Amino acid sequence: MREFANYEILRKIGEGAQGEVYLAKDKRLGRKVAIKSLHVDLITNTVLKERFIGEAKLLGQLSHSSIVSLYDYIVDTSGYHLIMEYLKGNQLDDYINKVSGPINEIRAIDIFLQVLDGIHHIHKLNIVHRDIKPSNIIIDENDKIKLLDFGIAKDYSNDPNLTVVGQSVGGTPMFMSPEHISNAKITVQSDIYSLGVTFWNMLTGKAPYHGLSLAKIYSKIENEELPPIEKIYPFASKKLNDIIKKATAKDPKKRYDSCLSFIRAIEYLKKLLISKTNSKKTKLDINTEKNIDVRVKNVEDASFVVNHIGHIGTEITFSGNPGTKLNIQIHKEGYKSIYKKMVINEDQLIEFELKKRMPAFVSLILVAFYLFIETFFKIAAFFINKKILKLDESKTNNIYENIDKANDNLNNNIKSVKSGILELSSFFGIILIIILIFTFSIDKSVNNKDMDGDTTTVVDKEKDPEPDPEPDPEPDPEPDPESELDPDPEPVPDDQEEIFEPNGKLKEDWCKSYGNPPYTRVRVYHNGKGGTYTRNTNNSTKCGYKPLARNNSGNTNTSSTSSNGNSSFSNTQYQKKKSLNGHYYYTDTKDGINLLIYNRKNLKEWEIEYYKDGTEKASFNIKGSISSFYYSKK
């Protein structure tokens, strides 16, 4: 007998072609365990050894109430051993053959739901069991079950090729799927098939294909359906037979797509069976019901609603008597919803492929389009009813069909718009932001319209309160009578009052008779871009300015100017206004051009006074921010 350091062997409780199972006691924890050991003479068999090690690795990943637990894995000189949870109970095939016989529908459903739940758990981990059968299910006295023997289970996410079965692979032929025995690729649907055969075994009390040769078993699996349950166990309902028929379909694509779909189908049947004695629905009603299987081919976790019954997955089965009206809805985020109405006649499989939902604004355009189409055909139908328009019967029918089609398309697009309302809000929000940015850019470009010429830097008076020291006076050059400016210039014609020639059509022309200086002429021009700009002219004769009489003595004036140059420059209009400190910025340049800049409204509106050789020549009103100015040496 084998010996282990931490486990005391009590007795052998099972033996098979590949190994032995012992009941043992954990010396450290005092609990009973089951030790599954590979036969010593099979340790050199690479395939069986790898299978045994693979079972240990897979069980180590699993933790579920319907799956046996692995406590430890030991490799020693005596071989390979799995230390597992000890289960009290019987193998399900022995229980059926020796204790229960055919199991009542509702009780069989309760037991089988546990099996489905356990297999669904391993499928979520991308594991296919590949050897589901009653002998690998333990059932106790409370109808609780545990799944055993994961020796040939495979993780197909890590190695998809492992799902293709070779000639040496195990599995019990009577419960194997058609693709399993034909060495084709094994998938989740292969386990669904084996589950269906196991469920059939529970309800009939008989093993399928019992007593047949291996060749005949393979032939029947590939070509013949399982016998109807009611032929063996007459108390079973037709609905239950339909469920097993779908699970064991020869084509894997026609089986339940997952254990969840299988679970939902038998849970729904259980509700019918429980409620039939307390409602008008009888067993005859259940047996005459037809099954409508609705399936989505290209997405997972779609939301199904059939006559107010909801389900999330890839398929739903609805049962009803012939003549029952169905309203089918399928929804999936990011996809176009499906709405279909139909009447149950026969068993039917309906498959849909969801299409990516169009952007909500496109659906909004289509709403308008189909509304126009529907209205057009309704007007045509109105004229036909009033006998204003005469058409043959086929064309009249086409008009009414087009009304129905347009109405369906209109409703579908309205629902798409509703589901994409957030997308629409974002779309129009972006458009609004773009419009605001564009409008602001135009306004800013108008307010900051530059004049060609050199750059004059703006000096912040708070940072530089004192003007630059004046350079030592140089000898005065010969005065140029043509270029010399008097403090009070002689009025010029109106079309010459503006130093800078304005562009654009004149909009307003008025006089400002108050403020400093007075007699200011204000002219507002269109800028050609939807906005305006303003030009002011001080001491305008148009606004009542009367210049002082001019002394025509050229020699005296020249001499006075020459001898008192420094004094007159310090008493210019620019210096006087600057000394009042009412400005916000000022500029001093060497070529006699100066600016005084006044802030009017919280740094958003500015008044700029332009001086040449100390004399004010013009003023401007500007809206916006100020960075630099340009002037022209004309």
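Biologist: Let's start with Arg-295: does it count as buried or exposed?

Modeller: Bear in mind that this is a predicted model, where local features need pLDDT of at least 70, side-chain atom pairs count only at pLDDT 80 or more, and totals for chains, interfaces and linings use all residues. Residues are numbered from 1 along each chain as its sequence is written, and side-chain values use heavy atoms, with hydrogens and water left out. The scale runs from buried (under 20% relative accessible area) through partly exposed to exposed (over 50%), using a 1.4 Å probe and protein chains only. Since Arg-295 has 7% relative accessibility, it counts as buried.

Biologist: Which residue forms a salt bridge with Arg-295, with the closest N and O atoms 3.1 Å apart?

Modeller: A salt bridge needs a side-chain nitrogen of Lys or Arg within 4 Å of a carboxyl oxygen of Asp or Glu. At 3.1 Å between the closest N and O atoms, the partner of Arg-295 is Glu-315.

Biologist: How many residues apart are those two?

Modeller: Helices (H or I, at least four residues) and strands (E, at least two) are DSSP runs numbered from the N terminus. The pair links distant parts of the chain: Arg-295 is in strand β11 (residues 290-296) and Glu-315 in strand β14 (residues 315-320), 20 residues apart.

Biologist: How many salt bridges turn up in the whole structure?

Modeller: Side chains of opposite charge can pair when their charged atoms come close. Searching the whole structure for such pairs gives 19.

Biologist: How far apart in the chain are Asp-110 and Lys-270?

Modeller: Those two form a salt bridge, with their closest N and O atoms 2.6 Å apart. Asp-110 belongs to helix α3 (residues 105-124) and Lys-270 to helix α9 (residues 259-275), so this pair links distant parts of the chain, 160 residues apart.

Biologist: What class do Asp-110 and Lys-270 fall in, buried or partly exposed?

Modeller: Asp-110 comes in at 33% relative accessibility, so it counts as partly exposed. Lys-270, with a relative accessible area of 23%, is also partly exposed.

Biologist: Where do Glu-374 and Lys-378 lie?

Modeller: Their side chains meet in a salt bridge at 3.3 Å, N to O. Glu-374 counts as buried at 6%, whereas Lys-378 counts as partly exposed at 46%. They are 4 residues apart, about one turn, and both lie in helix α11 (residues 360-385).

Biologist: Which helix gives the most to the nonpolar patch?

Modeller: Nonpolar patches join Val, Leu, Ile, Met, Phe, Trp or Tyr side chains within 5 Å, taking residues with over 30% relative accessible area and no salt bridge, while like charges are joined within 9 Å. This one covers about 610 Å², and Leu-364 and Phe-427 are among its members. Leu-364 lies in helix α11, but the top contributor, with 6 residues, is helix α13 (residues 421-447).

Biologist: How much of the protein is buried?

Modeller: The protein has 16 helices and 27 strands. Out of its 634 residues, the buried share is 39%.

Key:
Accessible areas come from the Shrake-Rupley method with a 1.4 Å probe; for residues, only the protein chains shown count as cover.
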